[in-house]
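Colleague: I would like to learn how to read a few features of a model. Please take them one at a time.

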Amino acid sequence: MEGQSFFMTWCSMCLMWTWRTPWARQPYMWPARTDTRLHGQRDTAQILLLRGAKYLPDKNGVTPLDLCVQGGYGETCEILIQHHSRLFQTLIQMTQDDDIKENMLRQVLEHVSQQSDSSYQMMLTSLAEVATTNGHKLLSLSSNFEVQTKSLLRIIRIFCHVFCLGPSSPNNGKDMGYNGNKTPRNQVFKPLELLWHSLEEWLVLISTEMDKESTDATTSSSGNDIASLFLKNQEVDPSVASENPPLLLEAKSMMKTPEGCADGQDVISMIANRLSAVIQAFYMCCSCQMPHGMTSPRFIEFVCKHDEVLKCFVTRNPTIIFNHFHFLLECPELMSRFMHIIKGQPFKDRCEWFYEHLLAGQLDSDMVHRPVNENDILLVHRDSLFRSSCEVVSKSSNKKLKQGIAVRFHGEEGMGQGVVREWFDILSNEIINPDYALFTQSADGTTFQPNSNSSVNPDHLNYFGFAGQILGLALYHRQLVNIYFTRSFYKHILGIPVSYQDVSSIDPEYAKNLQWILDNDISDLGLELTFSVETDVFGTMEEVPLKPGGTAIQVTQDNKAEYVQLVTELRMTRAIQPQINAFLQGFHTFILPSLIQLFDEYELELLLSGMPEIDVMDWKKNTEYTSGYDLQEPVIQWFWEVVENLTQEERVLLLQFVTGSSRVPHGGFAFLMGGSGLQKFTIAAVPYTSNLLPTSSTCINMLKLPEYPSKDVLRDRLLVALHCGSYGYTMA
């Protein structure tokens, strides 16, 4: 075979190895289709490379390694690196290339790192070195913040992913060096210690200067004074300044410009954002060394040590919380330190943060509600919807339910987003059905509270767990439920203590009595109250102590506040504690407690049930028209005049008829969801024939409205459709 020359070329659909000989007019190609013959591709590459094939880019400069990485072909990349060792560093540098899909790059690095212990160690050490270099670049104001942040966090994600694939795992109980880099395997983190050291020094410097400012007799300072906190590094510790000259010198240079002097906050914001991104990287590295669900002691110590500086950062720029401080959601101890700042952020921002973390790692939104196979479809019966739904949900995998929900009613053909919405809508009404004795109506007649006597139903706790699952699933998939709970029950879901004012939802007169006790001196009134109350248990009055020995403890002016609180807890919590626990167990299957704590009880109601009132002007403003209709068409003018004159109940029926849900999402009609994301209410023209009724496509929120000859005919046909056609689906 001497004298022959070989080279490799790839095409987009099929990997081609070309063997060109001097005597052949055309090259001889061995195709190895990448989607079905991965091992054949690897073996072909091995054979050709052993025979002296040359590693050459194509005419566009794309190399075989580039295409192998883009396709996630780890085995072929391994062969290339074995024959051309320099390609290993090329592969590592690709982690900084945002054009390469991260999941494909992970696949390749996974395979290459698993070939031997030395490959694993070398891979991680190299990734750590690249991450450290990127981190120090990030701490330079001359670098592009967004680009450098994205690059650093991408490399760290890949690093942590490969680390967790190693010979031992944080979840197997082996020594992982929780408090530092003590085990041989954790030595791969050593290059990153330089970056963490720089981070620590910056935070200590800022804290020192903040302390100096706080002792200053001057009560206010200019923007220039605030920015100067970051410019005194050289005076405080010359050794630190020598290690971090770029950020200091650039900040000082900026302060010499009119723009920089005008607003010192700009300097603070830029430095805070950069340091916060490095903190996020530090947290990711600490977390990957810990068993799932545990927060690194080293990181907790870090946050506690720099608590004031971190609070300063997020107070000045709250978006840091949502962009970089993800650790707050995974550690209640740390969350509590920042909760007052978090709750102060706009509801919309918290909603976005909530769903960003809730859906992390799930399929893209366009895949939601597409079952993998027939077995993933929830087949339910309309005549026994509650029980049949409970049965099929209990048999389903929670993982698959998170990925998507597909519902079909027995005996009906229809499926899709509209059917799912109807299922949630009807099921939420069934949850409060008196026949199941799970919930009782509150005093206002519009909200519901767990029934303290629900044990009359032997399956009540299982059903409460199912109810929690349904509300958790609805919130997870942004579906609204047609049910409103008492304020106290929303508090139970959030883990917020109830107060005596909450008693008014179930017993207004009793709440007034408690208020009177708190507002008046009861010393000489002869009330003869003790720390016990009489409670109706299945028609029989029983005395229940509020605390041990309560029947013998008198209520006095000094302890009356404790009495009121204990009475409140008995009526609103202790009496229904098993029901609450069962509900929360189901709810937390899909919604983490730390995530839902981002909201208060009023906001939780909006998240679960949407806006209770329908604003026709907002509806009209956020409606689109198609198939020949526009806002000026007489039929459309008549339609909105009819809607304005409908009762609130009829408007709800119309909304349910077209969208599958009777509720408007938070934010109004602009945020209506369709089968693949946001989908506005749409009206499409349909040719008119006598007695033709309007129809709908709930998956795309479309009302198919015939071109009626008059307003009266339109109103008549629309009402018939609403009252007779709100339930049941066929294929479009």
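**Salt bridges, core and helices**

Modeller: Arg157 forms a salt bridge with Glu102, with 2.8 Å between the closest N and O atoms. A salt bridge here is a side-chain nitrogen of Lys or Arg within 4 Å of a carboxyl oxygen of Asp or Glu. This is a predicted model, where local features need pLDDT of at least 70 and side-chain atom pairs count only at pLDDT 80 or more, while totals for chains, interfaces and linings use all residues. Residues are numbered from 1 along each chain as its sequence is written, and side-chain values use heavy atoms, leaving out hydrogens and water.

Colleague: Which parts of the chain does the pair of Arg157 and Glu102 link?

Modeller: Arg157 sits in helix 7 (residues 145-163) and Glu102 in helix 5 (residues 102-113), 55 residues apart. Helices are DSSP runs of H or I with at least four residues, and strands are runs of E with at least two, numbered from the N terminus.

Colleague: Is Glu422 buried or exposed?

Modeller: Buried means under 20% relative accessible area, exposed over 50%, and partly exposed in between (1.4 Å probe, protein chains only). Glu422 has 0% relative accessibility, so Glu422 counts as buried. Its side chain meets that of Arg382 in a salt bridge, 3.1 Å from N to O. Arg382, at 31%, counts as partly exposed.

Colleague: How many salt bridges are there by this rule?

Modeller: The count comes to 18. Another of them joins Glu605 and Arg487, at 3.7 Å from N to O. Glu605 lies in helix 29 (residues 601-609) and Arg487 in helix 24, so this pair ties together parts 118 residues apart in sequence.

Colleague: Which residues have the most contacts inside the largest nonpolar core?

Modeller: A nonpolar core is a set of buried Ala, Val, Leu, Ile, Met, Phe, Trp, Tyr and Cys residues joined through side-chain atoms within 4.5 Å. The largest one has 146 residues, and Phe159, Phe299, Phe354 and Trp423 have the most contacts inside it. Helix 14 (residues 264-287) gives the most to this core, with 12 residues.

Colleague: What should helix 23 span at 1.5 Å a residue?

Modeller: The expected span is 1.5 Å times one less than the number of residues. For the 17 residues of helix 23 (residues 460-476) that gives 24 Å, and the end C-alpha atoms are 24 Å apart, which agrees. Of those 17 residues, 15 are buried. Just after helix 23, Arg478 takes a positive phi of about 60°.
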